[in-house]
Amino acid sequence: MREKVEKSSVHTTNSIACASKAVTGNENNPRLLDMLRMELRARHYSHKTEQSYCSWVKRYVRYHGMRHPREMAEAEVNSFLSHLAVNRKVSASTQNQALCALVFLYRFVIGRRLGDLGEVVRARQPKRLPVVMTRTEVDAVLQRLNGEKWLMASLMYGAGLRLMECLRLRVQDVDFGANMILIRDGKGQKDRTVMLPQVLQKPLMKHLECVKMIHQRDLADGYGRVFMPYALGHKYPNAATDWRWQFVFPQKHRWRNRQSGEQGRHHIDESLVQRAVAVAVRAAGLTKRASCHTFRHSFATHLLESGYDIRTIQELLGHKDVKTTMIYTHILNQGGHGVQSPIDKLLLSRED
């Protein structure tokens, strides 16, 4: 009896190991996740999307006892999505991201489209307004930042940039003559142009002078290469050392390619900026849950307050649909702006 239990246990362990190997794979024999990554990269999905999709596929497989997705279909997807909403209590956007990952997996990796998923328990989509700082609060936070962190936060507020759009800026994307910044490959793989705030021109020029000195020193040491998007590194072999392609906000230490031995500088890690802004928000005494993205929300709201039309703001933010930009009109209307509270009238009349 004991031998049967041990054999059963070994068989179960081996089955799970085989299923795990079929999902993760190896370099010589690409499996599910490797094929998923190849399909995502072939369609130029971002690295973060690739990470999140792979993570959801792993969770999907583990939830169903390490079964291969090819053996499962709509019912298992329905069960997993409902589990996320009911048991994990995820938000609607998180559940939708998981659905997108599985739809992509079945369509482009497994090779068949998912049909009707039936009655999926959907997470509720709450109607939330973004956190917005007043001009005074923005100024208080910026005063508690310095150096390149101040410059990045000022660009996010002054031009409405997302954090990663700011960090991925290359030297050639900043046009001082036209007072313009070119945002390449933004959200949804869209390019757009935004203004270069006049008050930031001199600080940005001074910053780039320091960055150029670092780049020249790297070149003198035999390094100075930067990551090139897509296949541009093969098309233009010398572009990786070109000053125009360097990041505006490079990291402090050089990265090293373990295979080739090449060294260069990627852009600064986003967590360093997020941490600096969080410390500045606390130091300013703000009770709002302000973050790097709050600068972008504040940019749009303050432009609306200044009388700029919604279409102009939509173009500056890079929104595909004007309905996304309309959220900032609700912020202006909330809290009774322009409406006097009845208790104010009551108590002010007493003072008179």
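Trainee: Before we start, what makes two strands count as a pair?

Mentor: Two strands pair if DSSP finds at least two bridges between them. Keep in mind that this is a predicted model.

Trainee: How do you know that strand E2 pairs with E3?

Mentor: Four bridges join E2, residues 180-183, to E3. The definition asks for at least two, so E2 and E3 count as paired. The two strands run antiparallel, and isoleucine 181 stands opposite valine 194 in E3.

Trainee: What makes E1 and E3 the edge strands?

Mentor: The open sheet has the order E1-E2-E3, with antiparallel pairing. Strand E1 (174-175) and strand E3 (192-195) each pair on one side only.

Trainee: Turning to the helices, why is H3 called roughly perpendicular to H4?

Mentor: The axes of H3 (residues 47-63) and H4 (residues 74-86) cross at roughly 105° and come within 10 Å. Angles from 65 to 115 degrees count as roughly perpendicular, so H3 is roughly perpendicular to H4.

Trainee: What makes the contact between them?

Mentor: H3 contributes Trp56, Arg59, Tyr60 and Tyr63, while H4 brings Glu76, Val77, Ser79, Phe80, His83 and Leu84. These residues divide into six nonpolar, two polar and two charged.

Trainee: Is methionine 66 called buried or exposed?

Mentor: Methionine 66 has 17% relative accessibility. Buried means under 20%, so methionine 66 counts as buried. The residue is found in the loop between H3 and H4.

Trainee: And why is histidine 44 called partly exposed?

Mentor: Its relative accessible area is 40%. Partly exposed covers the range between the buried limit of 20% and the exposed limit of 50%, and therefore histidine 44 is partly exposed. You will find histidine 44 in the loop between helix H2 (32-42) and H3.

Trainee: Good to know! Which residues touch the most other members of the largest nonpolar core?

Mentor: That core has 52 residues, and Leu155, Met156, Leu161, Phe249, Val273 and Phe295 touch the most other members. Another core, of 29 residues, lies apart from it and includes Leu40, Tyr60, Ala98 and Leu117.

Trainee: What does valine 273 touch?

Mentor: Leaving aside residues up to four places away in sequence, valine 273 touches Lys149, Met152, Met156, Leu163, Leu167, Ile268 and Cys292.

Methods:
Residues are numbered from 1 along each chain as its sequence is written. This is a predicted model: local features need pLDDT of at least 70, side-chain atom pairs count only at pLDDT 80 or more; totals for chains, interfaces and linings use all residues. Side-chain values use heavy atoms; hydrogens and water are left out. A nonpolar core is a set of buried Ala, Val, Leu, Ile, Met, Phe, Trp, Tyr and Cys residues joined through side-chain atoms within 4.5 Å. Buried means under 20% relative accessible area, exposed over 50%, partly exposed in between (1.4 Å probe, protein chains only). Contact means heavy atoms within 4.5 Å. Axes are lines fitted to C-alpha atoms, for helices over the stretch in contact, and angles run from 0 to 180 degrees between N-to-C directions. Angles under 35 degrees count as roughly parallel, over 145 as roughly antiparallel, 65 to 115 as roughly perpendicular and the rest as oblique. Ala, Val, Leu, Ile, Met, Phe, Trp, Tyr, Cys and Pro count as nonpolar, Asp, Glu, Lys and Arg as charged, and the others, Gly among them, as polar.
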